[in-house]
Amino acid sequence: MKKWQSLLSLAAAGCMALAGCSGGSGGSDAGKDGKGSVYYLNFKPEQDEAWQKVAKEYTEETGVDVKVVTAASGNYETTLMSEMGKSGAPTLFQVNGPVGMKNWIDYAYNLYDTPVYKELTSDSYALYNGDKDVVAIAFCIETYGIIVNTELLEKAGYKTDDIKSFADLKKIAEDITKRADELGFAAFSSAGMDGSSDWRFKTHLANMPIYFEYQQDGITDTDAIKGTYLDNYRDIFDLYINNSTTPGKDLASKTGDDSRAEFEEGKAVFYQNGSWEYSNLTADGMNEENLTMIPIYIGVGEEANQGLTTGTENYWVVNKDASEADIQATLDFMYWCVNSDKGTTAMADMGLVIPFKNAKESPNVFVKEDVKLTSEGKVPVSWNFTTMPSEEWKNALGSALTAYAADPTDANWDAVKSAFVDNWKTEYELANK
């Protein structure tokens with residue numbers, strides 16, 4: 001059975017059957033005479049400028065109008081719901097995986113046998129609602145971990161080779177904190193809990209205890225998380241907030257831009273984020289020779305063999321309710337992005353590793369580090385946060401983490417555990433009733 005197929009089949013139960021749609025033929029002139037256009041609702045604010053450039057180049061080359069609108073950080077689902085209720089709704093939008101797909105399966109055009117689907121390197125990069133009903137396809141594979149300013153790390157007397165476990169990371173971070181006045185920098189940039197930043201901790205960092213619990217239990221999803229490794233989750237979060245540029249009580253207002261700026265300005269050695277930040281960091285003047293990425297260690301598993309956290313929550317969905325001409329124009333645009341020289345170059349320049357046959361090698365140093373570690377036999381940590389039961393679950397966890405950061409007591413951590421464990425069961429039941 002193909003990846004996610006059974007999950008999506010369950011998600012589709014009781015939903016309105018999708019209208020039968022045959023795959024379009026790539027390379028047509030459907031949009032070139034004003035007969036069709038593309039409206040792409042983009043998920044990633046940090047890539048807005050790049051997608052605007054892609055849209056402009058495609059329009060100049062083909063004459064097809066491409067509009068890219070980027071949702072504010074943390075507001076994609078709300079924006080999508082609003083836009084889909086309007087005339088001129090997006091023709092192309094994103095979901096984060098099988099859980100996110102549940103809300104939009106009735107809108108999904110069948111991509112099976114379309115040219116863009118045929119360019120995938122594996123059908124495991126598609127979401128299925130039956131053997132020949134492809135409701136979404138992944139358009140990039142990304143990596144995240146702890147980004148390191150190696151120049152600052154060496155000024156503190158260490159190298160990345162010194163960090164092979166949580167214990168190593170803790171020892172070094174706490175040593176930097178003790179000497180912060182002397183060194184002139186902190187260990188970690190701010191673990192901002194503003195809506196533009198909290199996803200790094202309520203989603204990406206929360207993936208770590210989920211991943212290790214799934215590994216231990218031999219599962220890929222659950223209706224009731226046990227929280228086996230929440231003590232380790234607390235350990236790594238404590239390390240972030242206690243060895244930071246910013247006191248925990250001030251983290252509620254710290255933004256994603258604040259955290260990145262602190263790192264770029266040499267105020268911190270470590271910065272949890274992903275391969276998508278490569279373009280921002282280098283464009284803002286950082287020397288890529290001083291940048292690398294290490295795994296997020298939490299003191300679990302064979303840490304010496306742990307790789308970076310690699311996967312995707314970036315799936316393209318074509319709106320089946322768009323006009324036939326707009327659907328064809330959208331399919332052509334997608335095909336151009338993953339197959340043409342200009343399109344694949346643009347995707348690589350964004351730092352995206354795309355799972356398509358004509359993908360170009362990314363210049364991204366974080367992507368290269370992932371490839372290097374994997375080739376050395378390190379095991380990548382999979383993205384399991386796509387199985388989180390709802391956005392409400394993430395938001396409740398984020399609120400509890402924010403309260404804990406401001407006042408890191410056992411009682412406040414108990415509230416984090418409740419948001420993690422108890423609310424998982426509640427939200428799962430609500431999403432699957």
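In this predicted model, Ala 252 touches Met 193, Asp 194 and Thr 402, not counting residues up to four places away in sequence. Ala 252 sits in the loop that joins H11 to helix H12 (256–264). With a relative accessibility of 44%, Ala 252 counts as partly exposed. Gly 192 is 60 residues from Ala 252 in sequence, yet the two C-alpha atoms are 6.3 Å apart in space.

**Other single positions**

Asn 96 also belongs to a loop, the one between strand E3 (92–95) and helix H4 (98–101). Asn 96 counts as buried because its relative accessibility is 16%, and the cut-off for buried is under 20%. A polar atom of the Asn 96 side chain lies 3.3 Å from the backbone nitrogen of Gly 100. Apart from residues up to four places away in sequence, Asn 96 touches Thr 312, Glu 313, Tyr 315, Thr 386, Glu 391 and Lys 394.

Thr 309 is part of strand E10. Its relative accessibility is 0%, so Thr 309 counts as buried. When neighbours within four places in sequence are set aside, the contacts of Thr 309 are Glu 142, Thr 143, Tyr 144, Asn 207, Met 208, Val 381, Ser 382 and Trp 383.

Lys 342 is a residue of helix H15 (residues 341–349). Lys 342 is partly exposed, and its relative accessible area is 45%. Glu 174 is 168 residues from Lys 342 along the chain, and their C-alpha atoms are separated by 46 Å.

Which residues of helix H16 (residues 365–375) are buried? They are Val 365, Phe 366, Val 367, Glu 369, Asp 370 and Leu 373.

At the N-terminal end, H16 is capped by Asn 364, which places a side-chain oxygen 2.8 Å from the backbone nitrogen of Phe 366. Phe 366 is itself one of the buried residues of the helix. After H16 comes Gly 377, with a positive phi near 95°.

**A parallel strand pair**

Strand E1 (residues 38–42) pairs with strand E2 (residues 66–70) in the parallel sense, over 5 bridges. Between E1 and E2 the chain passes through helix H2 (residues 48–62), and this β-α-β crossover is right-handed. Within the pairing, Tyr 39 has Lys 67 in E2 as its bridge partner. In a regular strand, side chains alternate between the two faces of the sheet.

**Aromatic pairs and charges over rings**

The count of aromatic pairs comes to 28. Such a pair of rings is described by the distance of the centres and the angle of the planes. The table gives both values for two of the pairs.

| Pair | Arrangement | Centre to centre | Angle between planes |
|---|---|---|---|
| Phe 237 and Tyr 404 | tilted | 6.3 Å | 35° |
| Trp 393 and Phe 420 | edge-to-face | 5.1 Å | 75° |

Phe 237 lies in helix H11 (residues 230–242) and Tyr 404 in helix H17 (residues 391–406), so this pair ties together parts that are 167 residues apart in sequence. Both Phe 237 and Tyr 404 are buried.

In the other pair, Trp 393 lies in helix H17 and Phe 420 in helix H18 (residues 410–431), so the parts tied together are 27 residues apart in sequence. Trp 393 and Phe 420 are both buried.

Which residues do ring pairs link into a cluster? The members are Phe 188, Phe 201, Tyr 233, Phe 237, Tyr 240, Phe 270, Trp 393, Tyr 404, Trp 413, Phe 420 and Trp 424.

Lysine side chains also meet aromatic rings. The charged end of Lys 44 sits over the ring of Trp 276, at 4.4 Å from the ring centre. For Lys 102, the charged end sits over the ring of Tyr 428, and the distance to the centre of that ring is 5.9 Å.

How values were computed
Residues numbered from 1 in each chain as written. Predicted model: local features only at pLDDT ≥ 70, side-chain atom pairs only at ≥ 80, totals over all residues. Heavy atoms only, no water. Helix = DSSP H or I, 4+ residues; strand = E, 2+ residues; numbered from the N terminus. Buried < 20%, exposed > 50% of the residue type's maximum accessible area, 1.4 Å probe, protein only. Polar contact = N/O pair within 3.5 Å; in protein donor to acceptor, adjacent residues only side chain to side chain. Pairing = 2+ DSSP bridges. Right-handed = clockwise from strand over helix to strand, strands pointing away. Phe/Tyr/Trp six-rings, centres within 6.5 Å; stacked < 30°, edge-to-face > 60°. Lys NZ or Arg CZ within 6 Å of the ring centre and 35° of its normal. Contact = heavy atoms within 4.5 Å.
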